[in-house]
Amino acid sequence: MDWNDLLTGSLQQALGPTAAVYCLAAIGLNIHFGYTGLLNFGQAGFMMIAGYAMVTMSTIWGLSLWLGVLLGIVLTIVFALLLGVPTLRLRADYLAIVTIAAAEIIRQVISAAKFSEDLGGQDGLTGFIGPFREVNPFSEPVGIEGVVMWSANDFWVMVIGWGLVAAACLITWLLMRSPWGRVLKSIREDEDAVRSLGKNVYAYKMQSLIIGGMFGALAGLVVTLRSATVGPSFFATDVTFFAYTVLLIGGAARVLGPVAGAVIFYFLITVLDLFFGQATSGANPIIPASIMNDTQASLMRLIFMGLGLMLLMIFRPQGLFGDRRELAIDAR
Amino acid sequence: MPDEQQERPDSSDEWAVAQPVSTTTAGPAGPAGPAFSVDVAASKRALADVDHTPGVAKPDPILKADNVVRTFGGLTAVDVDHLEVQRGVITALIGPNGAGKTTLFNLLTGFDRPDSGDWSFNGRSLNRAPAYKVARMGMVRTFQLTKVLSKLTVIENMRVGATGQRGESLLAALFAPLWRSQETDNTERADGLLARFLLDKKREDFAGSLSGGQRKLLEMARSLMTEPELVMLDEPMAGVNPALKQSLLGHVKSLREEGRTVLFVEHDMDMVRDISDWVVVMAQGRIVAEGPPDAVMADPAVIDAYLGAHHDTELTFEAEEQILAEAEAEIEQEAHSNE
C-alpha cells in the first residue's frame, strides 16, 4: 500500500478543476436550497444548457467561445424562468419534480440521434477548446514537486474555476448580508409571514432561482473547458446529487460551506477510490479476490460516500460548518 | 351608506410612505395619536348612533366588503352580504368554531380568493390584490398559528417587517452604502418596538427559541414595522398565559391610541368585552349580529349561534316529563298515520 501516493493523489483531486466545478454547482444550490428553501434537483440541466450553448456557438456557427459564454448565461436565465413561472407559486415539492424532469428531458433531447449531426449525440462535441488554450498563460506543468502537479491546461482551468468560485462566494456574501438576502432567508422560514409583511415572495423566489442557476451555468462552462469536450454523460442526474452532497458536507446556508464541502468530498472520494484500487490490485492483493475483485472495488467509494452522507445527516445535519444553535430550533 | 364619508382627506398613499410616523396629513381635528391623525373619541362616539343590525353602514369605514362568498366544494365557508369596519376603533370578530372568521380574514388580506365579492380599503378596491400588495397598502395581518421566522434572530425578524427597503432590490443589495443608513433607521425603530413589547432582552436570540406568548408579541411588533393603518389580529390571545394576556390587551389598546384601526378574531369573551368598541358576530359564514359588546352579548341571535337555542332553559323534572310526553305523542301520531 503506497500511502504517499494515496495522499498526493487525493490532494490533487481535492484542489483540482473538478472540485471547483462541483463547488460552483453547490454554491448555486446553496442559494436555492440553503438560503431560499427551493428544492432544485435539476442543477445538471442548468450546467448542460450553458456548456452546450458555449460549445455550439463555436462548432455550429463558428462564432467566438466568449459569445457562447454570454449565450449560455442568457439561456440559463430563460430556463430558470420556464421552470419558475409555473411552479414557484406552488408548494416546494413541485419545483423539485419539475426541475429533475426538465434536466432529464434536456439531456435526452440533446443526446438524441436525430440531432447528432449538430449536437454530437451520445459522443458529444469537441474541437472548440483552441481559443481558450491559446490564452493560457501557463506553458509548463504547475504544482509542488513531489506533492501535487497539474498540467498547464488543467491549471489554467483551475485558475478560472477557483477564481469564479471566489467571485461567486463574494457575491453570495454580499447578497446574504443585505436586506435582500434577509428576505430570502425569511422565505425559507415561512413564506406566508413574508407575504403578510408586503414582500413579493414570488419575485424573490424567481430571482433566487435565476442567480443560483447562473452559478450552475458557470459550473457547466468550467466542466466543459476542463474536458475540452461536452457530452450528455457529464450532466446526468447524479451530478446534481453530488453537488447536493458537497453542499450538505460543508453546511447549507454558509457562504464557504460549498468550498469546504467540495474539497473534502473530492479528497475523501479519491482516497477511498485509490485505497480500494490498491488493496485489490497486484499479484497478492490485501483484499483477496474471493472477497472483492478490482471491478467491484471501484464501486466501494460510492457505497462509503452514501454511508458517510447518512451518518452526517444523522449526527451532524447542519454540515461541518453549520451552526448547532440553529439546529436546536428544529426540534420544536 | 354615507358616501360623503368615503373620501377622506388623508386617504390612500400618504400614510404608506409617511416616515417618520408623525408627519401624516391632517385628519379630523382632535388629540391625534402619533401614527395616524384619527380622533379616537370621535370615532367611538360616532358608533353610538349606529344601528345594531348586521351589515350596518358606519360613519367612517376604513374597510368595506360586499357579497364576499367563498365555498369549499359544497360548503359555503363565507357569505358576507355587507361589512364595514369603522376607522380608529377596535372591532372584534367573534363566532363559534367554523364560522368562517379566519377564512374571511384570508379573503380580505389576499391570502385566499373568494368566488365572488368586492371589498375596498380606504376607498381603494382590493379585488384580486395579492397579499403583499394588501400589506403595502397598510392593512397588515397576523396569524392564528404564529408565524415567526425561526432561524432568524428577533431583531432580524423585525427588520424584515420594514417596508420600502432599498436594500431589498437585487442590485442595490450588492452595495451596502446604498442601504446602510436606511437599515440603521429601521433598526432604531425596531429596537423601539422591541422595548415597547418587552422583547429587547431577546434581541439577539433566534425567534424559534421564544415562548408561545413571546412569539405573539414578536408577530405583533413585526407587523407594526410595516406602519399599518389597519391591524388584523387572528386570535392574539390563543395559547397565551393570563399574565401575558393583560399586557397583550394593553398593547392592542395602544394600537388604537396611536390612531390605528384594529380588527381581531377572538374566542376570549373577557377580552372582547374589555377592549372592543364594536363586535361583529359570524355564524356559518354569515354575519348574524353587530353592535357594542354588551348589546351583542345579550343578543339572543348571538347566544343561539354560540350555544344553540335551548342552552339557558334549565330542565326541571316536570319540563322533562312534558318533553318526553310530547315526543311520545308525536311518535304515536306518526305510527297512526303510517297505518
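Predicted model: local features only at pLDDT ≥ 70, side-chain atom pairs only at ≥ 80, totals over all residues.
Residues are numbered from 1 along each chain as its sequence is written, and chains are lettered from A in the order written. Local features need pLDDT of at least 70, side-chain atom pairs count only at pLDDT 80 or more, and totals for interfaces use all residues.

**Domains and contact**

Domain 1 of chain B covers 3-148 + 210-338, and domain 2 covers 154-209. These bounds come from an automatic or database domain assignment. Contact means heavy atoms within 4.5 Å. The two sides contribute as follows.

| Part of chain B | Residues in the contact |
|---|---|
| Domain 1 | 19 residues |
| Domain 2 | 18 residues |

**Buried area**

The two domains of chain B bury about 1800 Å² between them. Of this, 62% is on carbon and sulfur atoms. Buried area is the accessible area (1.4 Å probe) lost on putting two parts together, summed over both. In domain 1, Leu210(B), Leu218(B) and Met225(B) lose the most area to domain 2, together 38% of what that side buries.

Two salt bridges are counted between the domains of chain B. A salt bridge needs a side-chain nitrogen of Lys or Arg within 4 Å of a carboxyl oxygen of Asp or Glu. Arg189(B) forms a salt bridge with Glu227(B), with the closest N and O atoms 3.0 Å apart.

**The domain 1 side**

Helix 7 (212-224) and helix 8 (242-257) of chain B each supply at least two residues of the side that touches domain 2. Helices are DSSP runs (H or I, at least four residues), numbered from the N terminus. Helix 7 of chain B gives the largest share, eight residues.

Note on methods. Heavy atoms only, no water.
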